[in-house]
Every structure is written in structure tokens, then in C-alpha cells.
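Try each task before you read its solution.

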Amino acid sequence: MPMPTEERVSQLVAGLVERRGFDLEGVAISAAGTAHARVLVTIDSDGSPDLDAVAVLSSEISEALDEAGDFGETPYLLEVTTPGIDRPLTELRHWRRAQGRKAKITLRPGVESPDEKGKTRFEARVGATTEDAVALVLGGKRKPHRVTVPLADIEFAVVQVEFSPPGAAELELAGGVAAGRPRPGAQEEPEDTTEDAAAATVSSTEGIVE
């Protein structure tokens, strides 16, 4: 029996994710062996995800997948995870949650750069956002200054791993770190942030949370 599509699984779990106060960031399905599948459900929220809530959500998702029966008799590994620290910023909520973080920005072709050297690809600290623009702090610790860039002018942006804390003035211009988010600084790693409590090995008939 063929595996369900990622779109199908997204439709099955979206309501459960929303009711638990999370945003569904994506679903990925891949082979985890000759007779197994791996289902990765990525979620996020404004604050730090509560482990108990994530574990409950994982159980609810496995029950929903079992009830739908789309995997048939094929066992699958279900993982509910939060995005890695270096994920791309593609939605307004991503920018809002990245406030205070350093990001690598790539502008669209033909857009005038706010960078003093005219670069269309540069690093900046993310500040406050509006519906259509974001404040960016350029100049690093030495010459921090804030500019505003329309979100439509940004082609690609990704949060950067930082190994030292930002300057006080730089962070102040950014408006601080988004509430509930870790402070950028030493010992950060771009690791997978899968919560152990949310990992579940399930089959279409068992739905057992490890």
C-alpha cells in the first residue's frame, strides 16, 4: 500500500496542532528502512514549547493517523519536532519570533541595499516587524544602526548560529529578544531540536508512545 502524501498528513494533523496552540511548520515523510516510514511533523509557537503539550500532541497525531488508516499495515516512526535554530524565515511569524537574532539576508535583484557597502547579501540583527516590513540592525557591535526594509524586498533570510552574545546597544536597537525565545550567545549549535518526549514509534494498529 502506498504511503500517504505529505499534503494528506498535513490535512489530518493541522487541526490538532492548532488546538494545542502550535503552528504547523511542515510535514515530511521518508523511508526509515525497508519496511518502515518516518513521519516528521514540525511545529512552533511564540514561546518555548511545553514538553507535556508536545507529548500529548504526539499521541493525538498518532491516534489520528491510525484512525485514518492511510499507512495500512506499514509501521512508521512519528517525530514531533520544533524547527532548528538556523531555519529560513519565510513567514511573518518567523520574523517576529526571530527578533533579537542575527540573520543572513539576501535581497531581491534590483532592490537598493541598506548596507553601507551596497551589498545585496549581508548579516543583520532582526528587530521588530510590522505587517509588511522588518527593522534590521546593521553594523554589528561597533557601529550598530537600525534600518527598515520591506519584507517584499527580501528574497531569502536564515537565522545564524552565534557563539558570542550581541552587543548591548545592538540588542537594544533590535528591541530585545522575542518573548519566550532563548538569548543568542555562546554554545549555540544548529542542532535538530526534536523533543525526546515527543518521539513516538507507532504502527497503524498500536500507536504506542515510547
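**Exercise 1.** Find which residues Glu131 touches, leaving out those up to four places away in sequence.

*Solution.* Start by locating Glu131 in this predicted model: the residue sits in the loop between strand S5 (121–129) and strand S6 (133–138). Its contacts, by the rule in the task, are Leu92 and Leu151. Now take Leu92: Glu131 is 39 residues from Leu92 in sequence, yet their C-alpha atoms are 7.3 Å apart. Finally, Glu131 has a relative accessible area of 70%, so Glu131 is exposed, because exposed means over 50%.

**Exercise 2.** Decide whether Asp44 is buried or exposed, and name its salt-bridge partner Arg181's place in the chain.

*Solution.* First, the salt bridge: the closest N and O atoms of Asp44 and Arg181 are 3.0 Å apart. Next, the places: Asp44 belongs to strand S2 (residues 37–44), while Arg181 lies in the loop between helix H4 (168–174) and strand S9 (199–202), 137 residues apart. Last, accessibility: buried means under 20%, so Asp44, at 2%, is buried. Arg181, at 23%, is partly exposed.

**Exercise 3.** Work out which term describes how H1 lies to H2.

*Solution.* The axes of helix H1 (residues 6–19) and helix H2 (residues 51–68) come within 10 Å and cross at roughly 140°. That makes H1 oblique to H2. The crossing is right-handed. Among the residues in contact are Leu12 and Val13 of H1 and Ile61 and Ala64 of H2. The contact residues comprise ten nonpolar, two charged and no polar ones.

Conventions:
Residues are numbered from 1 along each chain as its sequence is written. This is a predicted model: local features need pLDDT of at least 70, side-chain atom pairs count only at pLDDT 80 or more; totals for chains, interfaces and linings use all residues. Side-chain values use heavy atoms; hydrogens and water are left out. Axes are lines fitted to C-alpha atoms, for helices over the stretch in contact, and angles run from 0 to 180 degrees between N-to-C directions. Helices (H or I, at least four residues) and strands (E, at least two) are DSSP runs, numbered from the N terminus. Angles under 35 degrees count as roughly parallel, over 145 as roughly antiparallel, 65 to 115 as roughly perpendicular and the rest as oblique. A crossing is left-handed if the near helix is turned anticlockwise from the far one by less than a right angle, and right-handed if clockwise. Contact means heavy atoms within 4.5 Å. Ala, Val, Leu, Ile, Met, Phe, Trp, Tyr, Cys and Pro count as nonpolar, Asp, Glu, Lys and Arg as charged, and the others, Gly among them, as polar. Buried means under 20% relative accessible area, exposed over 50%, partly exposed in between (1.4 Å probe, protein chains only). A salt bridge is a side-chain nitrogen of Lys or Arg within 4 Å of a carboxyl oxygen of Asp or Glu.
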